[in-house]
Amino acid sequence: MINNCPECQLPVSSTAPACPHCGAPNPAAVDGTAVTTQKTGKELKRFFLLSYILIFSGCTTLFSGPTDSTIREAAVSMLIGGLVMWVGLKIASWWRHG
Ligand SMILES: [Zn+2]
């Protein structure tokens with residue numbers, strides 16, 4: 001869609017954030033808010049996946065009964081880290097949407 005620039009009255013695409021002729025900000029520009037929300041949603045999903053992987057890896061490592069205390073501690077840290085991350089993400093998504 002083509003609109004006229006409010007400053008110089010020359011045609012400006014509605015997707016352009018600013019007028020290419022005079023540089024005035026384009027008020028008709030397609031708002032980037034929707035894209036940003038989608039992007040953060042995708043990022044949240046990625047972190048959710050990561051927290052699930054941490055919880056899952058921690059659980060499977062713990063249930064395999066590691067004799068090495070270092071591995072056991074690492075597994076517990078992964079589990080706790082994953083859980084804390086998951087809770088934080090739950091709060092973050094609740095905060096964003098509700
Ligand atoms: Zn202009």
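This account of a predicted model begins with phenylalanine 63, which belongs to helix α1. Is this residue buried or exposed? Phenylalanine 63 is exposed, because 9 other C-beta atoms lie within 10 Å and a residue with 12 or fewer is placed in that class. Twelve residues separate phenylalanine 63 from alanine 75 in sequence, and the distance between their C-alpha atoms is 9.7 Å.

The helix that holds phenylalanine 63 has its place in a simple order of elements. The protein chain contains two helices and two strands, and these follow one another as β-β-α-α when read from the N terminus. Helix α1 covers residues 33–63, and helix α2 covers residues 69–97.

Helix α1 has the lowest confidence in the chain, with a mean of 82, whereas helix α2 has the highest, at 90. For the protein chain as a whole, the average pLDDT is 85, and 88% of the residues reach at least 70.

Strand β2 spans residues 11–13 and includes valine 12. Why does valine 12 count as buried? It does so because 26 other C-beta atoms lie within 10 Å of its own, and the class requires 20 or more. Leaving aside residues up to four places away in sequence, valine 12 is in contact with Asn3, Asn4, Cys5, Cys19, Pro20 and Asn26. Its C-alpha atom is also 8.5 Å from that of methionine 1, a residue eleven positions away along the chain.

The loop between β1 (2–4) and β2 contains glutamine 9. In contrast to the buried valine 12, glutamine 9 counts as exposed because it has 11 C-beta neighbours inside 10 Å. The backbone at glutamine 9 has a phi angle near 65°, a positive value in a residue that is not glycine.

Finally, two totals describe the chain overall. It has 98 residues, of which 9% count as buried; valine 12 is one of the buried residues. Considering contacts between residues at least 6 apart in sequence, 27% join residues at least 24 apart.

How values were computed
Residues are numbered from 1 along each chain as its sequence is written. This is a predicted model: local features need pLDDT of at least 70, side-chain atom pairs count only at pLDDT 80 or more; totals for chains, interfaces and linings use all residues. Helices (H or I, at least four residues) and strands (E, at least two) are DSSP runs, numbered from the N terminus. Two residues are in contact if their C-beta atoms, placed from the backbone, lie within 7 Å. pLDDT is the predictor's confidence in each residue, from 0 to 100.
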